[in-house]
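These are my notebook entries on a single chain. I set down here what I looked up, topic by topic.

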Amino acid sequence: MKKELKTTEGAAPVGAYSQGLVVGDFVYTSGMGPLDPHTAEIVGDDVATQTHQVMRNLGAILAAHGLGFDDVVKATVHLQHLKRDFAAYNEVYKSYFSQPYPVRTTVGSELMNILVEIDFVAHKSA
């Protein structure tokens, strides 16, 4: 059984997908881009600013189910310019977590007008 997560504090879907789903003790988020949840505009023109907005969007989705960044167990990250932007993105990303960090995959991807997209898997302890 799955339950949809929705919040107006995270970017609204721009296609046929949910912001997040709860399945058992796990929360799965969609890939989030750097959209302002109130204006639907892209925030920032550099990867650091965009990564902060993505993390705020993801944090809002997690919070909709009573979770935080410490509950994240897996992240998948897409960067438009992997070699150029990895270091700046990584500095922002790691500032949201404490050790042990979630497992992560980071790949270069062709993205639509954004520099970074991230999705999470989080676990809610009973």
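**Helix packing**

I looked up the helix pair: H1 (residues 47-63) and H2 (residues 82-94) pack at an angle of about 35°, their axes 9 Å apart. Axes are lines fitted to C-alpha atoms, for helices over the stretch in contact, and angles run from 0 to 180 degrees between N-to-C directions. I list Val47, Ala48, Thr51, His52 and Met55 of H1 against Asp85, Ala88, Tyr89, Val92 and Tyr93 of H2 as the residues making the contact (heavy atoms within 4.5 Å).

**Basis of the entries**

The model is predicted: local features need pLDDT of at least 70 and side-chain atom pairs pLDDT 80 or more, while totals for chains, interfaces and linings use all residues. Residues are numbered from 1 along each chain as its sequence is written, and side-chain values use heavy atoms, leaving out hydrogens and water.

**Alanine 40**

I located alanine 40 in the loop between strand S3 (26-29) and H1. Alanine 40 is exposed, at a relative accessible area of 55% (exposed means over 50%, buried under 20%, partly exposed in between, with a 1.4 Å probe and protein chains only). I noted 23 Å between the C-alpha atoms of alanine 40 and glycine 68, which lie 28 residues apart along the chain.

**Whole chain**

I recorded 2 helices and 6 strands, in the order β-β-β-α-β-α-β-β from the N terminus. Helices (H or I, at least four residues) and strands (E, at least two) are DSSP runs, numbered from the N terminus. The C-alpha trace spans about 40 × 35 × 20 Å along its principal axes. Of the 126 residues, 40% are buried.
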